[in-house]
Amino acid sequence: MKKTTPILAIGIALLVFFLANFSLSSCTKTNTVTVTDTVTVTPTPSKLSLLIGTNWETDSAYSNYTTTGTGTLVYVRGRSGNTVNLDNNFYTWTTNGTQYAVENGTYYQFSWSIVNGDSTLLKMSSSTITDYARILKASSSKITFYDSTAKYLDVLVPAP
């Protein structure tokens with residue numbers, strides 16, 4: 001048997017160390033992952049767009065209304081003992097600036113327009129009447145109007 005010299009053993013050890021170190025550094029792997037997320041944004045409809053094209057009926061009404069907590073409740077749909085009867089009142093606003101109203105069997109047609117670019121303040125007029133109303137709250141199931149001319153607060157719901 002042959003004896004290995006310490007120099008040869010050290011050389012072999014260095015060679016093994018070098019090869020091991022080289023192979024470890026060359027096996028390093030970097031993974032890059034790109035994640036794409038899709039977000040769908042649904043725009044909130046404007047108060048005016050919720051109003052237009054739906055046939056509305058009065059759900060409740062306050063007279064002498066000037067600000068929150070004021071006024072007298074004069075009508076609630078389905079309640080007996082209302083001071084006024086609004087059971088047969090229906091309203092429709094169209095995109096062409098026409099408002100159709102049926103109030104206790106009488107048909108009315110008004111022109112309506114937005115006042116001063118404020119999409120919540122409406123001017124409604126006919127040959128005999130001019131009225132202003134502000135849309136305070138609006139959803140697809142309820143519109144709340146403040147009529148500053150008559151000092152009425154009306155809550156309208158879609159008619160069945």
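Q: How much of the chain is made up of buried residues?
A: First off, keep in mind that this is a predicted model. A residue is called buried when its relative accessible area is under 20%. Out of the 160 residues in the chain, the buried share is 27%.

Q: What secondary structure does the chain have, and in what pattern along the sequence?
A: The tally is 2 helices and 9 strands. Reading along the sequence, the pattern comes out as α-α-β-β-β-β-β-β-β-β-β.

Q: Which element gives the most residues to the largest nonpolar core?
A: This core has 16 residues, and the members touching the most other members are Leu51, Trp93, Leu122, Ile143, Phe145 and Leu156. Two or more residues come from each of helix 2 (47-51), strand 3, strand 5 (106-115), strand 6, strand 7 (130-139) and strand 8 (142-147). The top contributor, with 3 residues, is helix 2.

Q: Which residues form the salt bridge, and how far apart are the closest N and O atoms?
A: The count here is 1 salt bridge. Its partners are Glu57 and Arg77, with the closest N and O atoms separated by 3.6 Å.

Q: Where do Glu57 and Arg77 lie, and how many residues apart are they?
A: Glu57 and Arg77 form a salt bridge. The pair links distant parts of the chain: Glu57 is in strand 1 (residues 56-63), while Arg77 is in the loop between strand 2 (72-76) and strand 3 (89-93), and the separation is 20 residues.

Q: Is Glu57 buried or exposed?
A: The cut-off for buried is under 20% relative accessible area. Arg77, the salt-bridge partner, has 26% and so counts as partly exposed. Glu57 has 9%, so Glu57 is buried.

Q: Which side chain makes a polar contact with the side chain of Thr120?
A: Thr120 sits in strand 6 (residues 118-125), and with 14% relative accessibility Thr120 is buried. Beyond four places in sequence, Thr120 touches Lys47, Ala133, Arg134 and Ile135. The polar contact, at 2.8 Å, is with the side chain of Arg134.

Q: Is Gln99 buried or exposed?
A: Gln99 lies in strand 4 (residues 98-103). Setting aside residues up to four places away in sequence, Gln99 touches Tyr91, Thr92, Trp93, Tyr108, Gln109, Phe110, Trp112 and Met124. The relative accessible area of Gln99 is 5%, so Gln99 is buried.

Q: Which residues do ring pairs link into a cluster?
A: A search of the whole structure turns up 6 aromatic pairs. The cluster linked by ring pairs consists of Tyr62, Tyr65 and Tyr146.

Q: How far apart in space are Tyr152 and Ala61, C-alpha to C-alpha?
A: Tyr152 is in strand 9 (residues 152-158) and is partly exposed at 24%. Its contacts beyond four places in sequence include Ala61, Tyr62, Tyr65 and Tyr146. Along the chain, Tyr152 and Ala61 are 91 residues apart, yet the C-alpha distance is 6.9 Å.

Q: What separates the C-alpha atoms of Ser63 and Asp154?
A: Ser63 is in strand 1, buried at 13% relative accessibility. Not counting residues up to four places away in sequence, Ser63 touches Gly71, Thr72, Val74, Lys151 and Tyr152. Asp154 is 91 residues from Ser63 along the chain, and the C-alpha separation is 8.9 Å.

Q: What phi does Asn64 have?
A: Most residues other than glycine have a negative phi. Asn64 is in the loop between strand 1 and strand 2 and is exposed at 56%. Asn64 is not a glycine, but its phi is positive, at about 55 degrees.

Q: Where does Lys151 lie?
A: Lys151 is not a glycine either, and has a positive phi of about 55 degrees. With a relative accessible area of 38%, Lys151 is partly exposed. Its place is the loop between strand 8 and strand 9.

Terms used: Residues are numbered from 1 along each chain as its sequence is written. This is a predicted model: local features need pLDDT of at least 70, side-chain atom pairs count only at pLDDT 80 or more; totals for chains, interfaces and linings use all residues. Side-chain values use heavy atoms; hydrogens and water are left out. Helices (H or I, at least four residues) and strands (E, at least two) are DSSP runs, numbered from the N terminus. Buried means under 20% relative accessible area, exposed over 50%, partly exposed in between (1.4 Å probe, protein chains only). A polar contact is a pair of N or O atoms within 3.5 Å; within protein, one must be able to donate a hydrogen and the other to accept it, and residues adjacent in sequence count only if both atoms are side-chain atoms. Contact means heavy atoms within 4.5 Å. Rings of Phe, Tyr and Trp (its six-membered ring) pair if their centres lie within 6.5 Å; planes under 30 degrees apart count as stacked, over 60 as edge-to-face and the rest as tilted. A salt bridge is a side-chain nitrogen of Lys or Arg within 4 Å of a carboxyl oxygen of Asp or Glu. A nonpolar core is a set of buried Ala, Val, Leu, Ile, Met, Phe, Trp, Tyr and Cys residues joined through side-chain atoms within 4.5 Å.
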